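Work through the exercises below with the sequence and the coordinates at hand. Each task is followed by a solution in steps.

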Amino acid sequence: MSNEIIEVDSKYDMTDEFNRKALVKEIGDDIRESTIFGAISFEEGFKLRIDKEHEEVKALNDYFKSSFDSDVDKDVKKVVTTATVIAKEKGIVSGKYWENKTPSDIANIVDNTMTKAKIAYKVASGEFEPIDAIEFMIDRTTATVSTVISQKCVEVGTATGRTIGGTIGSIFGPGGIAVGSTVGAVVGRVAGKGVGAFISKGIEKIGGLAKTAIRGINNVANKIRNFVGRFLFG
Amino acid sequence: MDKKDYDGFSNLLEDMLNAYDDLEDKTKLNDFLEKEIKSSGINRDNNEAKDIVDEISSTVDMIATKFNDLQEFKKQGKSREEWLEKELNVALSKFDDNQKSIIIKQVDDALKKNKAELSDILNKLKEIKVYE
């Protein structure tokens with residue numbers, strides 16, 4: 001980052017404790033609401049794409065049955081991310097949503113997608129209550145946003161050329177959701193009929209709860225509230 | 001994505017997952033992934049394959065570490081927002097006050113923009129040409 005002085009609103013004055021706490025709360029609220037919207041998007045984009053006829057792949061079966069962030073969990077996410085990077089670079093997957101996605105962006109998106117699918121599996125298998133699943137997802141998104149900020153802050157000054165905002169948009173914005181849906185669809189297919197059926201059932205349960213939760217969010221933009229009301233509950 | 005590409009991506013993923021499953025020493029995962037990248041031919045040089053794997057590996061590990069740190073933090077009766085404030089303080093510690101404000105504004109703007117694009121996201125999900 002250059003040393004130029006850019007004027008920003010006093011709202012972002014981090015030296016003022018009151019401002020700082022209010023802003024962190026606002027960012028926390030944005031993360032919470034984005035996660036709930038993401039859960040709905042995941043349900044809308046995922047549920048029709050499970051291939052229940054595909055034979056099970058052992059590594060994925062192990063992934064869904066393992067605990068969160070176990071060695072198997074992290075290993076499989078790294079394998080799926082690497083496969084996705086290769087697919088992108090070879091042009092097997094392409095389009096505007098895939099443009100400018102770095103391996104790190106794809107790792108963030110794959111972690112997000114694979115974690116959601118695993119939570120869904122565990123909700124359907126009775127290991128997780130849907131309400132706990134939403135809380136878990138919000139914590140996961142918070143950890144991911146923190147990861148992006150930490151990584152970008154290390155990169156700043158090394159002429160990486162993209163802002164933290166651009167990276168967050170690439171992961172959680174429309175492009176990130178679209179890439180996540182494609183990865184989710186392929187993982188869902190390869191997971192096989194047994195696991196796939198559980199994921200599908202769990203996603204529906206979480207999506208249903210997310211739609212209920214969204215009704216309780218009062219401070220989202222009118223455009224979003226009106227759209228969600230018309231699109232989902234109309 | 002048309003059916004051919006969908007099949008291509010599925011087959012690539014399935015082959016890699018089966019090869020990972022056959023890997024006897026799972027602690028050599030990064031070497032395995034480097035080899036997969038090199039055999040795919042997408043890397044421009046030997047170092048690039050290692051760089052890609054390092055980037056992927058460190059990102060997945062960092063999310064897990066931060067997530068677990070957040071869980072431990074909450075077990076102490078503290079909130080998610082308090083954890084986020086702690087994380088921001090650490091990440092932004094090397095910047096001056098003006099730079100901190102700019103970075104936080106970028107984060108805030110990006111998250112708000114993402115929310116405001118929800119309608120587009122949900123509509124676009126219907127447009128994504130994933131083979132069904």
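This is a predicted model: local features need pLDDT of at least 70, side-chain atom pairs count only at pLDDT 80 or more; totals for chains, interfaces and linings use all residues.

**Exercise 1.** Describe the secondary structure and burial of chain A.

*Solution.* Step 1: count the elements. Chain A contains nine helices and zero strands. Step 2: read them in order. From the N terminus on, the run is α-α-α-α-α-α-α-α-α. Step 3: take burial, with the cut-off of 20 or more other C-beta atoms within 10 Å. Of the 234 residues in chain A, 56% are buried. Step 4: look at sequence separation. Among contacts in chain A with a separation of 6 or more, 78% join residues 24 or more positions apart.

**Exercise 2.** Determine how H5(A) and H6(A) cross, and which residues meet.

*Solution.* Step 1: locate the helices. H5 of chain A covers residues 130-155, and H6 of chain A covers residues 164-172. Step 2: compare the axes. They come within 10 Å and cross at roughly 145°. Step 3: assign the hand. The crossing of H5(A) past H6(A) is right-handed. Step 4: list the residues. H5(A) contributes Val145(A), Val148(A), Ile149(A) and Lys152(A), which meet Ile164(A), Thr167(A), Ile168(A) and Ile171(A) of H6(A). Step 5: sort them by class. The contact of H5(A) with H6(A) has six nonpolar, one polar and one charged residues.

**Exercise 3.** Characterise the largest nonpolar core, then follow Leu60(A).

*Solution.* The core has 97 residues. Step 2: name those with the most contacts inside the core. They are Leu60(A), Val80(A), Ala120(A), Ile168(A), Ile206(A), Leu13(B) and Val107(B). Step 3: trace the sources. Helix H4 of chain A (residues 103-124) supplies the largest share, eleven residues. Domain 1 (3-78) and domain 2 (92-132) of chain B each supply at least three residues. Step 4: follow Leu60(A). Leaving out residues up to four places away in sequence, Leu60(A) touches Val76(A), Val190(A), Ala191(A), Val195(A) and Leu17(B).

Methods:
Residues are numbered from 1 along each chain as its sequence is written. Chains are lettered from A and ligands numbered from 1 in the order in which they are written. Axes are lines fitted to C-alpha atoms, for helices over the stretch in contact, and angles run from 0 to 180 degrees between N-to-C directions. Helices (H or I, at least four residues) and strands (E, at least two) are DSSP runs, numbered from the N terminus. A crossing is left-handed if the near helix is turned anticlockwise from the far one by less than a right angle, and right-handed if clockwise. Two residues are in contact if their C-beta atoms, placed from the backbone, lie within 7 Å. Ala, Val, Leu, Ile, Met, Phe, Trp, Tyr, Cys and Pro count as nonpolar, Asp, Glu, Lys and Arg as charged, and the others, Gly among them, as polar. A nonpolar core is a set of buried Ala, Val, Leu, Ile, Met, Phe, Trp, Tyr and Cys residues joined through C-beta atoms within 7 Å. A residue is buried if 20 or more other C-beta atoms lie within 10 Å of its own, exposed if 12 or fewer, and partly exposed in between; C-beta atoms are placed from the backbone. Domain bounds come from an automatic or database domain assignment.
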